[in-house]
Amino acid sequence: MAKVKVKKQSTWIDMTAMSDVTVLLLTFFMLTSTFIQNEPVTVTTPSSVSDKKIPETNLLTILVDSNGKLFMSLDNQNDMAATLRAVGEDYGLSFTPAQVATFQRQVMFGVPILSMGSFLDLPSDKQDDYLKNLESPRVGIPAGDTEVSDNIGVIARDNEFKRWISHAKAQNKDLQIAIKADQQTNYPMVKKVMEDLRDLRENRYLLITSLKNSSD
């Protein structure tokens, strides 16, 4: 008996629909994702069971590193510029438009106001190196109540941290304050920040933590 030849079927599959879905998903994730901002210091936050998310707008973040150095950030560039000018006026300082524009691009700032002008004049890579020198007294927002100097000259004249908070709130009444401290930061350092906020009658603020998992 003659063998029946089976007609070969084409194995070609139309991938157009899958390609369309892939492009749509990729576009969705690109538009909805939030990029991690480059902070001047690495902070490992303590864990907690709270899953409440911090607001994405009208937020003032206070960063306290493990050595107690203070940094701040504002999410609104207009608030950044207005606050810089206001703090500068308290010390008889003014900033050029180029310096203000550079300050507005800062993800997080933390130098004494008397050093701010020279810091903003540095190239961006030099600014990063400047902020990474955490042993320098000219890195971090001063929160002391007395004049501080080093072998170069005066660093700070009083509690600049309070001035930054006060002027930032004056520019934007809707600002919410969040404190992000390293889990290795000594409690007295965080307590000092809370006491300064209390002195300014800022008694409501958020504490940024990482979500505790079952292994923790």
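Glu-160 is buried, with a relative accessible area of 0%, where buried means under 20% relative accessible area, exposed means over 50%, and partly exposed lies in between, judged with a 1.4 Å probe and protein chains only. This residue belongs to a predicted model, in which local features need a pLDDT of at least 70 and side-chain atom pairs count only at pLDDT 80 or more, while totals for chains, interfaces and linings use all residues. Residues are numbered from 1 along each chain as its sequence is written, and side-chain values use heavy atoms, with hydrogens and water left out.

**The protein as a whole**

The protein holds seven helices and eight strands, which are DSSP runs numbered from the N terminus, helices being H or I with at least four residues and strands E with at least two. Of its 216 residues, 37% count as buried. The accessible surface comes to about 14,300 Å², and carbon and sulfur atoms account for 53% of that surface; such areas come from the Shrake-Rupley method with a 1.4 Å probe, and for residues only the protein chains shown count as cover. Among contacts (heavy atoms within 4.5 Å) with a separation of 6 or more, 65% are between residues 24 or more positions apart.

The average pLDDT, the predictor's confidence in each residue from 0 to 100, is 84 for the protein, and 80% of the residues score at least 70. Confidence is highest in H3, at 96, and lowest in strand S1 (residues 47–48), at a mean of 68. Where pLDDT is low, the predicted coordinates should not be read in detail.

Glu-160 lies in helix H6, whereas the place of Ser-73 is in strand S3. The table sets out values for each of them.

| Residue | Relative accessible area | C-alpha separation |
|---|---|---|
| Glu-160 | 0% | 8.6 Å to Asp-145, 15 residues apart along the chain |
| Ser-73 | 10% | 6.3 Å to Phe-109, 36 residues apart along the chain |

Leaving aside neighbours within four places in sequence, Glu-160 is in contact with Tyr-91, Val-111, Pro-112, Ile-113, Ile-141, Pro-142 and Ile-155. With neighbours within four places left out in the same way, Ser-73 is in contact with Leu-59, Leu-60, Thr-61, Val-107, Met-108 and Phe-109.

**Helix H2**

The expected span of a helix is 1.5 Å times one less than its number of residues, so the 14 residues of H2 (residues 77–90) should span 20 Å, and the end C-alpha atoms, 20 Å apart, agree with this. Just after H2, Gly-92 takes a positive phi of about 70°. The buried residues of H2, among them Asp-79, Met-80 and Leu-84, pack against strand S3 (70–74), helix H3 (97–104), helix H4 (113–120) and helix H6 (160–171).

**Aromatic pairs**

The structure holds four aromatic pairs, a pair being rings of Phe, Tyr or Trp (its six-membered ring) with centres within 6.5 Å, counted as stacked if the planes are under 30 degrees apart, edge-to-face if over 60, and tilted otherwise. One of them is stacked, because the rings of Phe-103 and Trp-164 have their centres 5.9 Å apart and their planes at 25°. This pair links distant parts of the chain, with Phe-103 in helix H3 and Trp-164 in helix H6, 61 residues apart. Phe-103 and Trp-164 are buried, and together with Phe-109 they form one aromatic cluster.
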